[in-house]
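Subject: A structure to look at

Dear colleague,

I am handing over the structure we spoke about, and below it you will find my notes on what turned up in it. Please read them with the structure open beside you.

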Amino acid sequence: EGLSHPPPEHPVQHIYGKTSLEEKLGKCTFQVSPGAFFQVNTEGAELLYNEVVKKVKEVTENPKDTLLFDVCCGTGTIG
């Protein structure tokens with residue numbers, strides 16, 4: 001989960017070492033590969049995601065039973 005697999009024709013190819021970086025965002029840990037989109041400003045992203053959580057709580061009584069589509073997700077940090 002959170003790991004993308006670029007096609008062989010992708011300009012960045014793995015030669016040696018780890019194939020992904022581990023990045024923490026809030027309570028979650030993501031594996032980020034060279035071809036994946038991941039917000040590099042994690043402090044700013046955490047502020048934004050906290051706002052998303054507040055907005056979801058405003059429109060539902062039970063946020064855990066609420067479905068949220070993260071249509072521009074990259075590595076899926078919101079969804």
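**What was found**

Helix 1, which takes in residues 42-59, is 18 residues in length and spans 26 Å between its first and last C-alpha atoms, close to the 26 Å that would be expected at 1.5 Å a residue. Please keep in mind throughout that this is a predicted model.

Which residues of helix 1 are buried? They are Ala45, Tyr49 and Val56, and because they cover an arc of only 35° around the axis, they lie on the same side of helix 1. As background, an α-helix has 3.6 residues a turn, so residues three or four places apart point the same way. Strand 1 is included in what covers the buried residues of helix 1, whereas the face turned away from the buried side carries Glu43, Leu47, Lys57 and Glu58, which are exposed.

Stepping back to the whole protein chain, it holds one helix and two strands, and their order from the N terminus on is β-β-α. Of its 79 residues, 15% are buried. The chain exposes about 6,700 Å², and carbon and sulfur atoms supply 56% of that area. If you look at contacts between residues at least 6 apart in sequence, you will find that 38% of them join residues at least 24 apart.

The two strands come next. Strand 1 (residues 21-25) and strand 2 (residues 28-32) run antiparallel and are joined by five bridges.

Which residues make up the largest nonpolar core? There are seven in all, namely Leu25, Phe30, Val32, Ala36, Phe38, Ala45 and Tyr49, and the elements that give two or more residues to this core are strand 2 and helix 1.

Although Cys28 and Thr77 are 49 residues apart along the chain, their C-alpha atoms are separated by 8.4 Å. Gly35 sits in the loop between strand 2 and helix 1, and with a relative accessibility of 40% Gly35 also counts as partly exposed. In sequence Gly35 is 23 residues away from Val12, while in space the two are 7.5 Å apart, C-alpha to C-alpha.

With best wishes

Methods. Residues numbered from 1 in each chain as written. Predicted model: local features only at pLDDT ≥ 70, side-chain atom pairs only at ≥ 80, totals over all residues. Heavy atoms only, no water. Pairing = 2+ DSSP bridges. Helix = DSSP H or I, 4+ residues; strand = E, 2+ residues; numbered from the N terminus. Expected span 1.5 Å × (residues − 1). Buried < 20%, exposed > 50% of the residue type's maximum accessible area, 1.4 Å probe, protein only. Arc of directions from axis to C-beta. Contact = heavy atoms within 4.5 Å. Areas by Shrake-Rupley, 256 points an atom, 1.4 Å probe, with all protein chains shown as cover. Core = buried A, V, L, I, M, F, W, Y, C linked by side-chain atoms within 4.5 Å.
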